[in-house]
Amino acid sequence: MKPIGLTFIIASILPPLLIFSQFGGQADSGVLLSQYFGMVSLIFMGLVQVMATRMKGVEALFGPLDRVYVLHKWLAIFAIAAAFLHESLDADALAKTVAGGETDGLAHKLGEIGYNGILILGLGSLATFIPYNIWRWTHRLIGIFFALAAAHFLMIPNVFSWSDPIGLYVAAFCFAGVASFLYLTYKGMVGRTKTYEVEDIQIYGRITSVTLKPEGKPTSHDAGKFAYVSFDQDGMGEVHPYTIASAPRKDGRLRFCISALGDYTSRVHELQIGTKAQISKGYGGFRPIASNRDQIWIAGGVGITPFLSWAQTLTGEETGQFYLYYGVRNRLENPFEEELEALQSRLPNLHVQYFESDMGEYIDARLLKILQGKFFDVMPIAFCGPEVMRKALMRDLKALKYPLRLFHYEEFQMRSGLGLRKLFKFLVQQVNRHSGKFAPAK
């Protein structure tokens, strides 16, 4: 995440603090605190809706889309927590303070519906066991409940008017959030994608290679980026992100290599030639490292796809050396070996080494250091592969004092939880570990 984005988020919730100095003598501190948390919740939810648009300015401010989605999740969690505190601090006392009576019935009802809707759907978004197609549609409904919460803010009696500077400030985030929701809904209907046609399908075990040609103007992308894809075929209409396995071409053709990892991806091999597809522009920040530097590329399984596109952009005249370490189950099931051999033949500065797990070979940080020698600590590493593999590699690199700021990867997940299962497991282990220490002596 970019520092400017983090600074912007922190700064966004500072102006509402002025209510404590401006209205401290007019209202109880609990009322002001409740009001402040309500404004924080609206500001964060407004930003969450803006981030969901995936507009160009979002990545410019907050960083690559994979980091934006992580930030999107945590901002939503903080927004829900702030809304909970707003409700818990007896927001109804605010109306009595400023109007001498109860909160307007409609305003109160809108706030209650908005709060409960955001709470239920927001927490439900963290439950990764909910099927994707259900999550996708219920997640969109959060924008409706946010709009109700925004209306609650504009209608409810406050110590200030929403037309005052503080009110206008928060209202701006509300309007931006609602506008973003309407934009997403509209774009979802009319489309913000380019139409392609499936031209070729190659099946290699659990990996399906799909080549598509544009029907009109092609989508824009750079090597290493991913795109959102949906196919106009029964059962294949869900939108999923896939890394583009080809460098930009003059004819606009794209290639995706999709591994059968779930119910949807396991049906990709059923695609028919001629099937239409809707493809977004390229997203992400997993871009090639400066070609004048010696560097390490580490791929696991279908994680080879961004490196295929990177390698296709090379000419062989770069001054840097590119060391690709590729972890596969075995080379007999590797659908990319011929392609990698052709790239090596064309590029004298590309060096490929396989690690076959069936043979007990794994990519290990210590081995990398041995292979690269004294220059290892100054060589940037780009990684794409399973999360478990990445975390183990980063742990071992850290133990070797490798500067992790040189370790590049993309952490894109459309859905992620809070790791509550791991936390519960850890707590149980700790209780079991220490239970004997507190047992009474016999």
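Reply: Counting a salt bridge as a side-chain nitrogen of Lys or Arg within 4 Å of a carboxyl oxygen of Asp or Glu, the total comes to 10 salt bridges. Keep in mind that this is a predicted model, where local features need pLDDT of at least 70, side-chain atom pairs count only at pLDDT 80 or more, and totals for chains, interfaces and linings use all residues. Residues are numbered from 1 along each chain as its sequence is written, and side-chain values use heavy atoms, with hydrogens and water left out.

Start with lysine 276 and glutamate 197, whose side chains meet in a salt bridge at 3.5 Å, N to O. That pair ties together distant parts of the chain, 79 residues apart: lysine 276 sits in strand 6 (residues 276-279) and glutamate 197 in strand 1 (residues 194-204). Helices (H or I, at least four residues) and strands (E, at least two) are DSSP runs here, numbered from the N terminus.

As for burial, buried means under 20% relative accessible area, exposed over 50%, and partly exposed in between (1.4 Å probe, protein chains only). So lysine 276, at 30%, is partly exposed, and glutamate 197 is partly exposed too, at 22%.

Then there's arginine 390 with glutamate 387, closest N and O atoms 3.9 Å apart. Both lie in helix 14 (residues 387-399), three residues apart, or about one turn of the helix. Arginine 390 is buried at 8%, while glutamate 387 is partly exposed at 34%.

Salt bridges with shared partners also join Glu199, Arg249, Asp251 and Arg253 into one network. Within it, aspartate 251 and arginine 249 have their closest N and O atoms 2.8 Å apart.
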